[in-house]
Amino acid sequence: MSSGKKISDSAKEAIGDRSKLSKVLSDSSKKLKKLAQESSEWKELRSKTNILIRMVQVHLSGEYSAFSRSSLFLIVFALIYFITPTDVIPDFVPALGFTDDASILFLIYKKLNKDIEAFLKWSGGEEEKP
């Protein structure tokens, strides 16, 4: 089974299981904190990933449910891809290990731009961190 299929299956499973979804959010936050890169690109990646994490957190809490199940799936897929150490380019590969993670996160963020803009408007911005 391909890693993309495994991640897709994991995302579908996590969406239906609050404890698994909470673990994805927790693991994503932990991995973000480990990324000590201070370039503007990494800061942007952290900011965008924090917004995606926050979107799922408030959806999970019931505070916000204005995005579709398919949008939720894409966010969870991106977060699981991000925390999976052995994806297309394993995280331990120097200088390249996180490039595929960043690419997936940026791609999903761009695809869900309208949902994210509506969420940011609802939440008052991106100040809150998970």
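Helix axes here are lines fitted to C-alpha atoms over the stretch in contact, and angles between them run from 0 to 180 degrees between N-to-C directions. The model on screen is predicted.

Start with helix 4 (69–83) and helix 5 (99–111). Helix 4 and helix 5 pack at an angle of about 170°, and their axes are 9 Å apart. Angles over 145 degrees count as roughly antiparallel, and helix 4 and helix 5 are therefore roughly antiparallel to each other.

Next, show the side chains where these two helices meet. From helix 4, select L74, I75, F77, A78, L79, Y81 and F82; from helix 5, select D100, D101, I104, L105, I108 and K111, which they contact. The residues of this contact divide into 10 nonpolar, 3 charged and no polar.

Now widen the selection to the largest nonpolar core, which has 37 residues. M55, V56, I75, V76, L79 and I116 have the most contacts inside this core. At least two of its residues come from each of helix 1 (3–15), helix 2 (18–34), helix 3 (40–61), helix 4, helix 5 and helix 6 (113–123). Helix 4 gives the most, with 10 residues.

Centre the view on V56. Leaving out residues up to four places away in sequence, V56 touches L21, L25, L72, I75, V76 and L79.

Finish at K31, in helix 2. Is K31 buried or exposed? Its relative accessibility is 11%, so K31 counts as buried. Follow the side chain of K31 to the backbone oxygen of F82, which it reaches at 2.3 Å.

Terms used:
Residues are numbered from 1 along each chain as its sequence is written. This is a predicted model: local features need pLDDT of at least 70, side-chain atom pairs count only at pLDDT 80 or more; totals for chains, interfaces and linings use all residues. Side-chain values use heavy atoms; hydrogens and water are left out. A nonpolar core is a set of buried Ala, Val, Leu, Ile, Met, Phe, Trp, Tyr and Cys residues joined through side-chain atoms within 4.5 Å. Buried means under 20% relative accessible area, exposed over 50%, partly exposed in between (1.4 Å probe, protein chains only). Helices (H or I, at least four residues) and strands (E, at least two) are DSSP runs, numbered from the N terminus. Contact means heavy atoms within 4.5 Å. A polar contact is a pair of N or O atoms within 3.5 Å; within protein, one must be able to donate a hydrogen and the other to accept it, and residues adjacent in sequence count only if both atoms are side-chain atoms. Angles under 35 degrees count as roughly parallel, over 145 as roughly antiparallel, 65 to 115 as roughly perpendicular and the rest as oblique. Ala, Val, Leu, Ile, Met, Phe, Trp, Tyr, Cys and Pro count as nonpolar, Asp, Glu, Lys and Arg as charged, and the others, Gly among them, as polar.
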